[in-house]
Amino acid sequence: MSAPERMGAQVRIGVSIPIPEPYSATLTRARIEAGDPLAHSVPPHITLMPPAVVEPDDLAEVTEHLRTVAAEHPPFVVELGGTDSFRPISPVVFVRLAAGTQACERLQRAINAGPLRQELRFPYHPHVTIAHEIDDAGLDAANAAMEAFDAVFPVAHFSLYEYGDDGVWRGVRNFVLTS
């Protein structure tokens with residue numbers, strides 16, 4: 001995943017569901033072992049809004065929008081299980097959602113409205129990336145290594161991330177699901 005170009009003081013943001021421990025460490029390790037150079041800069045997550053740029057003056061409106069979305073959606077449970085790939089369309093191997101897909105889709109639609117409206121490159125498909133834009137051998141290895149992976153965890157919040165000048169995505173604010 002490449003970060004969008006920015007101009008001037010624009011801020012690069014994304015919105016995702018962070019994967020909790022101990023699963024996060026396992027998913028990061030899989031990405032490292034696959035040889036994915038983004039393993040240390042992109043924490044394991046389920047994307048709700050792909051990277052975008054916003055003007056600093058618009059961050060308050062974005063924050064209010066995300067707070068409103070969170071207040072309108074209840075917590076839910078995600079179950080991860082098995083692997084799949086977007087190949088040949090995109091060189092990505094991921095862990096599938098076995099449960100929680102519809103709740104993620106509802107959140108994504110609500111977030112991708114108002115001040116965060118954007119045209120998506122691909123139809124929304126919630127997943128957890130474990131290898132991205134590496135050679136086929138690395139993609140195959142990631143797929144094989146994680147095909148038996150499974151995890152179940154509650155989702156009580158989603159997070160706003162900012163992309164730093166050092167190339168690392170960092171969570172800067174959580175939005176609690178309260179409906």
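This is a short walk through a few features of one protein model.

Keep in mind that the model is predicted. I'll start with the strands, then move to the aromatic rings, and end on a proline.

Strands, then. Take β5, residues 128-132. Buried or exposed, how do its residues come out? Five of the five are buried. So the rest of the structure largely encloses strand β5.

Which strand does β5 pair with? Strand β4, residues 92-99. The two run in the antiparallel sense, and four bridges join them. If you want a place to look, find V92.

Now the aromatics. How many aromatic pairs does the structure hold? Five. I'll show you two of them.

The pair to begin with is Y23 and F149. Their ring centres are 6.4 Å apart. Their planes meet at 85°. Edge-to-face needs an angle over 60 degrees, so this pair is edge-to-face. Where do the two residues sit? Y23 is in helix α1, residues 23-33. F149 is in the loop between α4, residues 136-146, and β6, residues 150-155.

Now accessibility. Y23 has 22% relative accessibility. Buried means under 20%, so Y23 counts as partly exposed. F149, at 11%, counts as buried.

Next pair: Y23 again, this time with F153. The centres are 6.1 Å apart, with 35° between the planes. That makes the pair tilted. This pair also links distant parts of the chain. Y23 is in helix α1 and F153 is in strand β6, 130 residues apart. F153 has 4% relative accessibility, so F153 counts as buried.

Y23, F149 and F153 form one aromatic cluster.

Last stop, the proline. P51 lies in strand β2, residues 45-54. Its relative accessible area is 19%. The cut-off for buried is under 20%, so P51 is buried. What separates the C-alpha atoms of P51 and S16? The answer is 10.0 Å, with the two residues 35 apart along the chain.

That's the tour.

Conventions
Residues numbered from 1 in each chain as written. Predicted model: local features only at pLDDT ≥ 70, side-chain atom pairs only at ≥ 80, totals over all residues. Heavy atoms only, no water. Buried < 20%, exposed > 50% of the residue type's maximum accessible area, 1.4 Å probe, protein only. Pairing = 2+ DSSP bridges. Phe/Tyr/Trp six-rings, centres within 6.5 Å; stacked < 30°, edge-to-face > 60°.
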